[in-house]
Amino acid sequence: MSKLRILYAATEIDPFLQTTKVAEMLRRLPASMQEMGCEIRIFVPRFGIINERKNRLHEVVRLSGINIAVGDDEKPLVIKVASIPTAKLQVYFIDNEDYFHRKSALVDKNDKFYADNDERAIFFCKGVLETVKKLGWSPNIVHCSDWMTGLIPLYLKTTYKKDPVFKDAKSVFSIYNNEFSDKFEGNILEKAKMLDIDDQMLASLKTADFSGFIKMGMEYADSVVRSDEDFSDNMNGMFTEYALHNRLSQVATDENLHSSYLALYNELAN
């Protein structure tokens with residue numbers, strides 16, 4: 001039996017950036033899956049707060065240079081890589097000068113939410129899939145974590161579903177309590193569109209906020225997992241709705257966590 005191939009996409013990973021529980025989970029879960037015999041690829045945004053010299057990031061020229069469309073704009077994609085010092089894992093960083101060369105992640109020095117965070121998320125989602133396509137590496141599972149990855153399950157079920165690299169890929173969407181109240185500006189539906197995607201498919205995104213991205217991920221992922229954090233009443237209402245449709249998967253929250261995830265991956269892949 002061939003190795004299970006798992007692609008991880010998330011907002012952050014320890015030790016490069018750690019502001020929420022996502023970073024720790026993304027550090028531990030892929031490492032465990034690799035130890036269990038899986039083949040792993042990891043993608044995160046290259047936020048400017050990540051020190052390139054200290055973390056030994058370097059550009060992969062053969063993967064860089066693709067233009068990614070966000071609405072009417074096209075921006076060049078730059079791919080950088082670095083290794084996790086204590087594990088045999090390589091991390092791919094999605095970069096672009098306009099979107100990620102800032103000395104903070106999602107808010108500016110005055111704690112104000114960046115107005116183009118939606119565009120940065122869209123660029124990241126498309127950038128991940130385009131890079132994997134260029135790598136020619138076919139994942140069995142695409143595990144997306146946190147709101148910024150919420151459009152990847154949709155793109156896998158539409159624009160990329162006929163691509164040989166993604167034809168057998170199943171998606172998992174993990175939700176964390178990183179809720180924010182800010183709204184995105186401009187026509188977010190036009191920015192997020194790709195081939196084979198119309199306004200109706202993006203209806204959940206119309207709220208132009210955190211829950212819009214979360215709803216998109218929940219709607220199109222093959223499996224949805226919530227973290228063991230406390231969520232708002234609004235989020236809990238969404239979880240209840242999706243649980244009724246058998247879309248929420250249960251994974252162990254104890255020492256069986258990693259084997260529980262492996263069982264979920266195998267169930268989806270077979």
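Helices here are DSSP runs of H or I with at least four residues, strands are runs of E with at least two, and both are numbered from the N terminus.

**Ground rules.** I'm working on a predicted model, so to speak with care: local features need pLDDT of at least 70, side-chain atom pairs count only at pLDDT 80 or more, and totals for chains, interfaces and linings use all residues. Residues are numbered from 1 along each chain as its sequence is written, and side-chain values use heavy atoms, with hydrogens and water left out.

**Helix α4.** I looked at what follows α4 and found G136, with a positive phi near 70°.

**Helix α1.** I repeated the length check on α1: its 15 residues reach 22 Å from first C-alpha to last, close to the expected 21 Å. Its buried residues include V22, M25, L26, L29 and M33. I asked what they pack against, taking contact as heavy atoms within 4.5 Å, and got β1, β2 (39-45), β8 (141-145) and α9 (257-269). Just after α1, G37 has a positive phi too, about 100°.

**Aromatic pairs.** I counted rings of Phe, Tyr and Trp (its six-membered ring) as paired if their centres lie within 6.5 Å; planes under 30 degrees apart are stacked, over 60 edge-to-face, the rest tilted. That gave me 18 aromatic pairs. I picked out F16 and F93, an edge-to-face pair at 5.2 Å centre to centre with 85° between the planes. F16 is in the loop between β1 (5-10) and α1 (21-35), while F93 is in strand β7 (residues 90-95), 77 residues apart. F16 counts as buried at 7% relative accessibility, and F93 does at 0%.

Next I took F113 and F180, which are tilted: 4.7 Å between centres, 40° between planes. F113 sits in the loop between α3 (97-100) and α4 (117-135) and F180 in the loop between β9 (170-175) and α6 (188-192), so this pair ties together parts 67 residues apart in sequence. Both are buried. I traced the ring pairs onward and found F113, W147, F180, F184, F210 and F213 linked into a cluster.

How values were computed: Buried < 20%, exposed > 50% of the residue type's maximum accessible area, 1.4 Å probe, protein only. Expected span 1.5 Å × (residues − 1).
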